[in-house]
Amino acid sequence: MTFDVQKVRDVAAAQLEGDPEGGAALCVFVDGAEALNETWGLADADTPYASDTLQIAQSMGKGVVGAVAALLVARGQLDLDERVAAYWPEFGTPDKRDITVSQLLSHQAGLLYLDDTMPFALTTDREKLAAALVAQAPAWEAGAKIGYSPQTVGNYADFLFERASGKGFAELLEEVNDALGTELSVGLPVERRHRAARVLAAEGGALSEEALAALLADQDSLFARILHNIPETLPDPMPAVNGDAIRDAFMPAANMFGSARDFARLYNALNTALLGGPSPLWSREAVELATTEIARGTDAVLSLETAFALAFQKPSTTYPLARSPRGFGHGGAGGSLAMADPDAGFALCWMATRYGTAAFDPRQTAVLNAVYSALD
């Protein structure tokens, strides 16, 4: 297969036109080999975006949660049809005892927030956080709805993985990093913070005070509860997203850091395993289970169509992240994307510092379409 690198470079670079403060990175693997790894613009006000720049990926971390779940499936330590309470007995309160692993990780469990909120400091106190997660009542009966859980799902996964395998998410992620040569992390260690990109508010798209007030008017709505779940992000999330507190926090679904190459390497490794190639971590069967669609429907939180596999997003009208139904991946707040398409034979990660305003940003669409059109 040939790949027109220059075509993709030109399209990617064009996404920063008119934004002298922004930065971006794109890494693409084709047929298992790195075909493109390039950066544009600024990581912060004084530093060019570089191949080793580390950027907060936020919800792109959910795909890494899915990859770690697939690792435990491959090892025979996690059964997707088993009840979460079989591994984590304390989780099995009367209103949660029948929730399965697949329901929890495909956003069908109704565990979207904590009633008493989940401030950054709570995420690093494992005993208190576990107790709060166990005590939380679901918003609906498991399997009755699909509803995107932006923050808490990764912490539920962390404790589930620890009970199932004896290792929490951080330790399992280090095994992935060691095998792939990546630097993915939940939060950002102090010694790497000089390499961090700062993210920028959307131009003309930030919520006005009136729009934010309207979203929060019904304090009992799912959307309002989720917005309130991390109090440090209100009323303006940008200082929090760029601050040290979020870099100290532990939210696998919401504050993962890495480079575009790190995420692309991960998805390439998953794609290789799915296609029957050699893998140091995953079996073909485990990746197939983890990336097969589990749930699709009108999302109870977003009021848009969503589709999920095991923590991975699947292509939908809201998130057209691949042309093949076998494609899988996850976007990140603001317009980043990590994905793989086994039928087209590629994996990529696009990261942009400037936030967008759409569920699937036009820049994501442009870059993704360029990659597809560059393949022959």
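**Entry 1: strand β10.** I started with the side-chain directions in β10. F346, L348, W350 and A352 point one way, A347, C349 and M351 point the other way, and all are buried. Buried here means under 20% relative accessible area; exposed is over 50%, and partly exposed lies in between, with a 1.4 Å probe and protein chains only. 7 of the 7 residues of β10 are buried, so the strand is largely enclosed by the rest of the structure.

I noted the ground rules before going on. This is a predicted model, in which local features need pLDDT of at least 70, side-chain atom pairs count only at pLDDT 80 or more, and totals for chains, interfaces and linings use all residues. Residues are numbered from 1 along each chain as its sequence is written, and side-chain values use heavy atoms, with hydrogens and water left out. Helices (H or I, at least four residues) and strands (E, at least two) are DSSP runs, numbered from the N terminus.

**Entry 2: partners of β10.** Which strands pair with β10? I counted two strands as paired if DSSP finds at least two bridges between them. Strand β1 (residues 23–30) runs antiparallel to β10, joined by 7 bridges. A24 stands opposite A352 there. β9 also pairs with β10 (residues 346–352) in the antiparallel sense, over 5 bridges. I checked two bridge partners: L337 has W350, and D341 has F346. The hairpin of β9 and β10 has 4 residues between the strands, and G345 takes a positive phi near 80° in it.

**Entry 3: strand β9.** Is β9 buried or exposed? 6 of the 6 residues of β9 (residues 336–341) are buried, so this strand is largely enclosed by the rest of the structure. I looked at each face. S336, A338 and A340 cover one side, L337, M339 and D341 the other, and all are buried. Strand β8 (residues 328–332) pairs with β9 in the antiparallel sense over 5 bridges. G329 has M339 as its bridge partner in β9.

**Entry 4: G334.** I then turned to the loop between β8 and β9, where G334 sits. That hairpin has 3 residues between the strands, and G334 takes a positive phi near 95°. G334 is buried, with a relative accessible area of 16%. What does G334 touch? Not counting residues up to four places away in sequence, G334 touches R354, Y355, G356, D361 and R363; contact means heavy atoms within 4.5 Å. G334 and G356 are 22 residues apart in sequence, yet their C-alpha atoms are 4.7 Å apart.

**Entry 5: cysteines.** How many disulfides does the structure hold? I found 0, taking a disulfide as a pair of cysteine sulfur atoms within 2.5 Å. The sulfur of C27 has its closest cysteine sulfur in C349, 7.9 Å away, too far for a bond. C27 is buried, with a relative accessible area of 0%. C349 is also buried, at 0%.

**Entry 6: cores.** I listed the nonpolar cores, each a set of buried Ala, Val, Leu, Ile, Met, Phe, Trp, Tyr and Cys residues joined through side-chain atoms within 4.5 Å. The largest has 94 residues, and those with the most contacts inside it are L78, F161, F169, F263 and W282. Apart from it lies another core, of 28 residues, among them V8, L16, L337 and A374. Leaving aside neighbours within four places in sequence, F161 is in contact with residues including V65, V68, A69, L72 and L78.

**Entry 7: helix α2.** I checked the length of α2 (residues 61–74). The expected span is 1.5 Å times one less than the number of residues. For the 14 residues of α2 that gives 20 Å, and the end C-alpha atoms are 20 Å apart, which agrees. α2 is mostly covered, with 13 of its 14 residues buried. G76 follows α2 and has a positive phi, near 75°.

**Entry 8: a 3-stranded sheet.** Last, I looked at an open sheet of 3 strands, with the order β3-β5-β4 and antiparallel pairing. The edge strands are β3 (55–56) and β4 (185–186), each pairing on one side only. β3 pairs with β5 (residues 256–258) over 2 bridges. Q55 has G258 as its bridge partner in β5.
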